[in-house]
Amino acid sequence: MDTDLLIIGGGPAGCAAAVMAASVGMRSVLIESDDALCRALRRIPVVSNVLGATSGPDLAATIEADLARCDLCRVELGRRATLVEGFDDRVEVTVEPVESVEPVKPVRLGEPVGSVKPVEPTEPGKPVKPVEPVKPVRSAWARGSRLTAPYVVVATGVGPLGPEEAGWLGGVAGRALPPLWEADPAAIDDRTVLVLGADRPLGTVARAHPELRTRFVVAYPPEDAYKTEEIRPDARVELVAVRRLEFGSGPAPVTAEVRTVEGERRTLTADLAFLNLGSAPAPPAGAVVADRSRYCPPGRQHPRVFTAGDLRSARFQRIATAMGSGGEAALGAYYASRGLPTDTGGGPSTVMGGPPPDPAGGG
């Protein structure tokens with residue numbers, strides 16, 4: 001075996017799994033396709049639901065520092081896990097090198113979400129302690145190398161949905177529709193913006209830039225109604241639940257014909273349009289089991305495969321729940337290695353063979 005636990009994904013869930021595994025004495029190898037940990041966090045200017053953090057870049061730096069101190073975890077950056085195979089006595093993960101990775105672009109409050117400026121201290125006059133970053137480990141792995149371990153935590157997260165995957169959108173072929181999180185505040189100030197979908201980046205943009213005089217017209221399918229609660233009180237936002245939206249042919253202004261959930265026909269007009277459709281799970285091929293929603297709940301997995309983070313469910317895509325699920329997944333692998341029942345939620349407990357329980361325990 002190459003290690004006690006393989007971890008696929010270097011976001012909050014995967015990093016939490018590595019730290020938790022180390023706390024109970026398990027060695028791990030964390031595989032991340034990017035050249036930095038927590039890439040998505042570095043694009044979030046405001047964090048309001050995580051203890052001890054107010055911005056994504058600050059939280060990413062803290063997580064990176066924790067991993068740098070984690071001697072029992074080896075971080076492999078610039079590597080992608082393409083196949084997970086589960087067997088009675090082990091898991092095998094096929095790993096490929098990533099040819100090129102775009103640089104991470106951290107942001108700070110008050111700047112465009114896609115800016116490339118360094119993060120500044122959150123309190124004026126209070127310096128931020130320098131953090132030694134986790135550096136890429138360039139192992140001499142051949143293409144298609146395989147790693148083996150008793151267990152694997154899969155925390156590959158989600159990727160953005162494209163407009164072609166939204167059945168309620170029409171007339172989007174050939175249109176340049178950037179994601180909302182890339183919007184430059186200066187470019188949308190005092191303008192009307194058509195937002196396609198009610199996913200959480202809208203709330204992030206609204207909280208990060210309360211001074212904007214932007215009018216957000218948000219068209220979304222009825223199944224995404226639960227996502228609108230946090231932005232519903234914002235006076236700048238008009239919510240339009242639709243069955244169908246069809247873009248007009250002209251480039252500017254943006255026009256779209258919609259059929260609302262009440263059956264009303266409306267024409268929406270805006271200066272700009274942005275995608276905000278949400279995400280789809282991005283698991284490696286092989287033993288990771290998806291349900292009808294394409295997500296990968298823990299209770300449906302091979303006994304040696306533990307899923308964590310946003311990969312589990314569309315309803316729990318939050319930083320705090322991702323971190324908690326990563327720690328839970330690592331503990332599940334630890335208990336399974338001890339022959340104890342595991343319960344990762346969403347399914348019955350399982351018992352795997354292994355050495356007798358450690359009477360010392362710990363928590």
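This is a predicted model: local features need pLDDT of at least 70, side-chain atom pairs count only at pLDDT 80 or more; totals for chains, interfaces and linings use all residues.
Is R236 buried or exposed? I looked this up first: R236 counts as buried because its relative accessibility is 16% (buried is under 20% relative accessible area, exposed over 50%, partly exposed in between, with a 1.4 Å probe and protein chains only).

Residues are numbered from 1 along each chain as its sequence is written, and side-chain values use heavy atoms, with hydrogens and water left out.

**R236.** I find R236 in the loop between strand 11 (215-220) and strand 12 (237-247); helices (H or I, at least four residues) and strands (E, at least two) are DSSP runs, numbered from the N terminus. A polar atom of the R236 side chain sits 3.2 Å from the backbone oxygen of A206. I also listed contacts (heavy atoms within 4.5 Å): setting aside neighbours within four places in sequence, R236 meets A206, H209, P210, L212, T214, R215 and F216.

**Cores.** Next I checked nonpolar cores, meaning sets of buried Ala, Val, Leu, Ile, Met, Phe, Trp, Tyr and Cys residues joined through side-chain atoms within 4.5 Å. The largest one has 36 residues, and L5, L30, L37, L67 and V153 have the most contacts inside it. Several elements supply at least two residues each, including strand 1 (5-8), helix 2 (56-68) and helix 5 (319-337). Helix 5 gives the largest share, 7 residues. Another core lies apart from this one, with 21 residues, among them V217 and L275.

**Salt bridges.** I count a side-chain nitrogen of Lys or Arg within 4 Å of a carboxyl oxygen of Asp or Glu. The whole structure has 19 of them.

R294 pairs with E165, the closest N and O atoms being 3.7 Å apart. R294 is in the loop between strand 17 (285-286) and strand 18 (305-307), E165 in the loop between strand 8 (158-160) and strand 9 (169-170), so this pair ties together parts 129 residues apart in sequence. R294 is partly exposed at 45% relative accessibility, and E165 is partly exposed at 40%.

K227 bridges to D199 at 3.0 Å, N to O. The K227 loop runs between strand 11 and strand 12, while D199 is in the loop between strand 10 (192-196) and helix 4 (201-208), so the pair links parts 28 residues apart in sequence. Both K227 and D199 are buried. I also noted a salt bridge from K227 to D224, at 3.8 Å between the closest N and O atoms, and D224 is buried too.

Key:
A polar contact is a pair of N or O atoms within 3.5 Å; within protein, one must be able to donate a hydrogen and the other to accept it, and residues adjacent in sequence count only if both atoms are side-chain atoms.
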